[in-house]
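Trainee: Could you walk me through how these structural labels are assigned? I'd like to set each value against its cut-off.

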Amino acid sequence: VQLQASGGGLVQAGGSLRLSCAASGRTFSNYVMGWFRQAPGREREFVAAVTWSGLSTDYADSVKGRFTISRDNAKNTVFLQMNSLKPEDTAVYYCAADYRPFRTGHTTRIVDEYDYWGQGTLVTVSS
């Protein structure tokens, strides 16, 4: 599956951004979708994930209550709504797809368990 992330940009602290990730090439609903981020000099870290149905989500503690992940299977797109942004949210954000054809209702935070990655979109939050 090919993933194309978009929606990054420069925003002031306290502001909002909505990231999108469009998927193509395979049955989108067979994939758990996740968002990760990587700041300069740091390892890639988990942000959020959503099951195939969209009914179950998981968030890193650092973004819980501020970010919302969702998906539209009819449009093969996953979203990350980011509110109350902080300077420490500055990073390149990546969407990723984890192939789970049995649709178990589980998600994962582990980078290596995701099979496909988008190219990343830069989010910069100024103080």
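**Strands, burial and contacts**

Trainee: Which residue is the bridge partner of Phe67 in β8?

Mentor: Phe67 has Met82 as its bridge partner there. This is a predicted model, where local features need pLDDT of at least 70 and side-chain atom pairs count only at pLDDT 80 or more, while totals for chains, interfaces and linings use all residues. Residues are numbered from 1 along each chain as its sequence is written, and side-chain values use heavy atoms, leaving out hydrogens and water.

Trainee: What makes β7 and β8 a pair?

Mentor: Six bridges join β7 (residues 67–72) to β8 in the antiparallel sense; pairing needs at least two DSSP bridges, so they qualify. A strand here is a DSSP run of E, at least two residues, numbered from the N terminus. The two form a hairpin with four residues between them, and Asn76 in the turn has a positive phi of about 55 degrees. Strand β3 (residues 17–24) also pairs antiparallel with β8, over six bridges, with Leu19 opposite Leu80.

Trainee: Why is Asp98 called buried?

Mentor: Buried means under 20% relative accessible area (exposed is over 50%, partly exposed in between; 1.4 Å probe, protein chains only). Asp98 has 5%, so it counts as buried. In β8 (residues 77–82), five of the six residues are buried.
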